[in-house]
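Thanks for coming. Please have the structure open while I talk.

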Amino acid sequence: MAESPRATRYDPLSDRLPGLGRDAASVRRRIEALERVLERLFVVPGLNRPVGLDVILDVVPVAGDLIGALLGAYMVWEAKNLGMSRWATARMLGNVGVDALLGAIPWVGAIPDFFFRSNTRNLKIIKAHLDRHHPATALIEP
């Protein structure tokens, strides 16, 4: 019997929902969208400062901090799947850890989180890696 060539696995969701692929461009779109939701969901009137879900979650005492840390850890997991170095991954985990520790302060934790944007810092680290190792995914930003 002749061996059949390896079939590629068909993923029906990736056809319907762009950005669900495993390629570097899809990962970049997912991480940028997640960072936008976590850090820049809307602008606070009067302050003209963007605020996202990460700051809003800090109002919920324990669960909010846990959810914010898990979403930040998801970004690190996506970065690790891109083949980022251990040093870059450790820096990203450190950012998530500092954000979680600052947010753990009851009721006051939203204030430092308003200024220390771990997800934006992690996005910069990921973009630097993608621009260096996957230049086709680079976008010209205004």
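At what angle do the axes of α4 and α5 cross, and within what distance do they come? They cross at roughly 175 degrees and come within 9 Å. An axis here is a line fitted to C-alpha atoms, for helices over the stretch in contact, and angles run from 0 to 180 degrees between N-to-C directions. The pair α4 and α5 is therefore roughly antiparallel. On the scale used, angles under 35 degrees count as roughly parallel, over 145 as roughly antiparallel, 65 to 115 as roughly perpendicular, and the rest as oblique.

Before going on, some ground rules. This is a predicted model, in which local features need pLDDT of at least 70 and side-chain atom pairs count only at pLDDT 80 or more, while totals for chains, interfaces and linings use all residues. Residues are numbered from 1 along each chain as its sequence is written, and side-chain values use heavy atoms, with hydrogens and water left out.

Now the overall layout. The chain has 7 helices and 2 strands, and from the N terminus the order is α-α-β-β-α-α-α-α-α. Helices (H or I, at least four residues) and strands (E, at least two) are DSSP runs, numbered from the N terminus. The chain has 142 residues, of which 36% count as buried. Buried means under 20% relative accessible area, exposed means over 50%, and partly exposed is in between, with a 1.4 Å probe and protein chains only. Among contacts with a separation of 6 or more, 58% are between residues 24 or more positions apart. A contact means heavy atoms within 4.5 Å.

Back to α4 and α5. On the α4 side, the residues include Ala69, Gly72, Ala73 and Val76, and on the α5 side they include Met92, Leu93, Val96 and Ala100. By class, this contact has 9 nonpolar, 3 polar and 3 charged residues. Ala, Val, Leu, Ile, Met, Phe, Trp, Tyr, Cys and Pro count as nonpolar, Asp, Glu, Lys and Arg as charged, and the others, Gly among them, as polar.

The next pair is α5 and α7. Their axes are 9 Å apart and pack at an angle of about 170 degrees, so α5 and α7 are also roughly antiparallel. From α5 the contact uses Ala88, Arg91, Met92, Asn95, Val96 and Asp99, and from α7 it uses Ser118, Arg121, Asn122, Ile125 and Ile126. That divides into 5 nonpolar, 3 polar and 3 charged residues.

Among the contact residues are Ile31, Glu32, Glu35 and Glu39 of α2, and Thr120, Leu123, Ile126 and Leu130 of α7.

Thr120 lies in helix α7 and is partly exposed, with a relative accessible area of 22%. Leaving aside neighbours within four places in sequence, Thr120 is in contact with Glu35 and Glu39. Thr120 and Glu32 are 88 residues apart in sequence, and their C-alpha atoms are 9.1 Å apart.

What about the core? The largest nonpolar core has 17 residues, and Ile31, Leu82, Met84, Met92 and Ile126 touch the most other members. A nonpolar core is a set of buried Ala, Val, Leu, Ile, Met, Phe, Trp, Tyr and Cys residues joined through side-chain atoms within 4.5 Å. Two or more residues come from each of α2, α4, α5 and α7, and α2 gives the most, with 5. Not counting residues up to four places away in sequence, Leu82 touches Ala24, Val27, Ile126, His129, Leu130 and His134.

Ala100 lies in helix α5 and is partly exposed at 27% relative accessibility. Its C-alpha is 9.8 Å from that of Gly64, 36 residues away in sequence. Arg22 is in the loop between α1 and α2 and is exposed, with a relative accessible area of 82%.

Most residues other than glycine have a negative phi. Asn48 is exposed, at 64% relative accessible area.
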